[in-house]
Amino acid sequence: LKIPQSRETRWFVPTAALTAFETAEQFWASMGLLGREPDMVDWLPKSVGLNRQERVGLESGAQLRELRRSIGGMQRPSSVARALKRFPDSVTSVAARIWNGASGAAVSDYLERRSSIHSPISSHRLIELGVERGPALGQWLERIEAAIWDGELDLDDSSSVTRMEQRIRLSR
């Protein structure tokens, strides 16, 4: 990656940004994650000529930077997952590498666990349990996922899944 030259003198490349990336999108994500200029996403892309993917990295990094403190303070893993799942992998992976403290640990935990988080109760099964199609179905899928993240639903324990199904059935 060649770092573009800019006529803007108000931006600099933090050292961590030079070591945290493998792609141009990750470099720009690190700039957004570490940036100190609140309006950087407005003027920097024009200044250095970013393509769409690079701009998404920068903008997503800046948006995630705004959530850093709150992510570090979240008590429930499901809250962290809900906050992070809207960000591209390129951004969350860089955040896990360059953030330290509680926020870095929360992002790292999210990245390590997310591939193992899958609902043992399908939308088809939810309908069998009496959940109506539409928003209620999506809400139950989100509740189930949150319960898994928070350790309230154990995927390896069939009695845990049965209890969740009973809870769904009783909520109708």
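Mentor: The account below goes from the chain as a whole to its nonpolar cores. This is a predicted model, in which local features need pLDDT of at least 70 and side-chain atom pairs count only at pLDDT 80 or more, while totals for chains, interfaces and linings use all residues. Residues are numbered from 1 along each chain as its sequence is written, and side-chain values use heavy atoms, with hydrogens and water left out.

The chain holds 10 helices and zero strands; helices (H or I, at least four residues) and strands (E, at least two) are DSSP runs, numbered from the N terminus. Of its 172 residues, 39% are buried, where buried means under 20% relative accessible area with a 1.4 Å probe, protein chains only.

A nonpolar core is a set of buried Ala, Val, Leu, Ile, Met, Phe, Trp, Tyr and Cys residues joined through side-chain atoms within 4.5 Å. The largest such core has 32 residues, and Leu64 and Ile168 have the most contacts inside it. Two or more of its residues come from each of α2 (24-34), α4 (52-73), α5 (77-84), α6 (89-98), α7 (101-113), α9 (135-149) and α10 (158-170). With six residues, α9 gives the largest share of this core.

Contact means heavy atoms within 4.5 Å. Apart from neighbours within four places in sequence, Leu64 is in contact with Leu33, Ile71, Leu84, Phe87, Val91, Thr92, Ala95 and Trp99. There is also a second, separate core of nine residues, including Trp28, Trp43, Leu44 and Leu58.

How values were computed. Buried < 20%, exposed > 50% of the residue type's maximum accessible area, 1.4 Å probe, protein only.
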